[in-house]
Amino acid sequence: MIELAVEKRDRLHEARRRRRMPVLIACCVALMIAVLACAAIGPLLAPYDPNAPDLFTSVAPPSSEHWLGTDTLGRDVLSQVIVGARTAVVGPVLIALGALAIGGSLGLLSGYLGGATDWAIMRWVDLMLALPGLLVAIVVVGVLGGGYLVAVALLIVLTAPIDTRVVRAATLEQRPLPYVEAATTLGLNRRKIMVRHIWPNVMPVVVANSFLNFALGLVTLAGLSFLGLGVGPSTPDWGRMLSENRELLAENAWAALAPGIMLVLTAASMNLMGDRLYEWLSDRGRAR
Amino acid sequence: MSFLEVLRFLGRRLLALPVVLFVISLGVFSLLYLAPGGVEAALLGNRPATPEIIRAIRDEYHLDDPFLTQYWLWLQDALRLDFGRSIKSGEPVFTVIGRGMTTTLFLSAYAFIIAMTFGVGLGVLAAVRRRTIVDRGVVGLSVFSVSAPAFATGIFLLYLFSVRLGWFPVFGQGSGFVDRVWHLTLPALALALSIMALVVKLTRAGMIGALEQDYVAFARARGVSSRNVLVKYAFRNALVPIVTAGGVLLAFTLTGATLVEVTFSLPGIGSRLVEAASFKDVPVVQGIAMTFAITIVIVNVLVDLMYVLVDPRIRFGKSAA
């Protein structure tokens, strides 16, 4: 009896929590829409040309003309933050999608075929996951050159093992289910079973994981730009703004704080949305 | 797992080591060939490209030998920690690494202590006060900490505690132990925050899992004090996942330390790596990359050993039921 009551209370609690959460998630969605809008039509929204120097108003604190002040060259910080959303979205999206494609295929193969294929793929995954991504990127992008695009390509390869592991685990769960057996009995070939039957059931989990990959990619790319190994000199970027305006903390702190806050909020939104999606999917799985 | 199986498991992990190191070292060596403009240009640096100097470089780096021979010769030197000379300054790479090592080790150890103390503490607190405002606060904090890269946190901390409040110095690493601790507090805090998210997450999950176990319920039923239940029964078991995540924690620490060193302009090996990579000083990059790789591999082995040590079922050679 007591146990039942506790369980009931727990369930009530859960339900209440579930209703409360969406406020936070709604904030995340709103923020992401704003960031995506800035990424798409940033130059139209920005009050000034983000690259136009104005040496008369160099390092000005926030004012009614420049809401977030200006940097050393007199460029408008607000405009730079708005236009900087572009590199903060494009790279991470490419990383998340690329990792989804590579990790999805390898994970399906690994989980469904098993045996030597599984062994080889998993050893590769173990090796890659032991490597600290940002450090590998520093070494390769630094020595190779190529900046942003090389970094994105490299991070796709370094992120794919995460998706591979997620898809493999989900595939292993699907494999013994009756519908797979039915498809096998119908004589469908393995490729068709993997792509047409298992993949649709596995995909939701990987998509949730892609949100987390986006956040990871965003933070890593910004880190590279912060270290001077990312975007080119005339591209506004949050990571680069942080490193360039670090010296201005005493005069116009917003020049460094604003891109930093945007970076953290965007990454946190994606992480929260991803976590939430995961939770929701696993709840749904349990209800089934 | 029986004792024999454990031995077999450890044996397999130990056998995998040379393979992992081989793959990584081959990659690191190949960096020389990936550098734009070719090997000679990379090794030449700022020196004039006279035939004599090019000849000397070809001899010193055995460039006339086949690729695998070159790699083998390089590896033999690398295993004796001889990575050649820096192209930028001309000093041995070993010296460059040694100079940065003290700062990086001090910073990492300091951050690790902070992250472990507060991370484990908050994780236990969140698990014990599960589903309260405390728990949600801790979980929220760790989402923030996993989303905030060390360089952003570093700049927030610099602004608040150095520029605004003036409690800590903006630059430098100080001399003498106390002064150094004072100088490195903000960098260590920034680094600790980036490691802490993982520690909190693992501790909280581990504690929640352990508190749900039957042996905890029985200990409570026997009248064991709740303090003892927490510490001796639940906490010891919750520690296992933290130990097994040691390798990942180290990777987090190295990455974070690099960003923090650059943010606070500290002369550690992380900032040396960034400097060398931007300057295309390949021997230094190779040396630091191999140092990091060897550290990661060794720590992963230690983690495997610890895993065996913390589980008494394995330590005493009894098989689990």
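How many of the eleven residues of helix α12 (residues 269–279) of chain B are buried? The structure is a predicted model, in which local features need pLDDT of at least 70 and side-chain atom pairs count only at pLDDT 80 or more, whereas totals for chains, interfaces and linings use all residues. Residues are numbered from 1 along each chain as its sequence is written, and chains are lettered from A and ligands numbered from 1 in the order in which they are written.

Chain B contains 14 helices and zero strands, helices being DSSP runs of H or I of at least four residues and strands runs of E of at least two, numbered from the N terminus. Its C-alpha trace spans about 85 × 60 × 35 Å along the principal axes, and 36% of its 321 residues count as buried, that is, with 20 or more other C-beta atoms, placed from the backbone, within 10 Å of their own.

In helix α12(B), nine of the eleven residues are buried, so this helix is largely enclosed by the rest of the structure. The buried residues, among them Arg272(B) and Glu275(B), pack against α4 (133–144) of chain A as well as α5 (93–128), α11 (246–263) and α13 (282–310) of chain B. Lys280(B), which follows α12(B), has a positive phi, near 60°.

In chain A, the 28 residues of helix α5 (residues 147–174) should span 40 Å at 1.5 Å a residue, and the end C-alpha atoms are 40 Å apart, which agrees; the expected span is 1.5 Å times one less than the number of residues.

Notes:
A residue is buried if 20 or more other C-beta atoms lie within 10 Å of its own, exposed if 12 or fewer, and partly exposed in between; C-beta atoms are placed from the backbone. Two residues are in contact if their C-beta atoms, placed from the backbone, lie within 7 Å.
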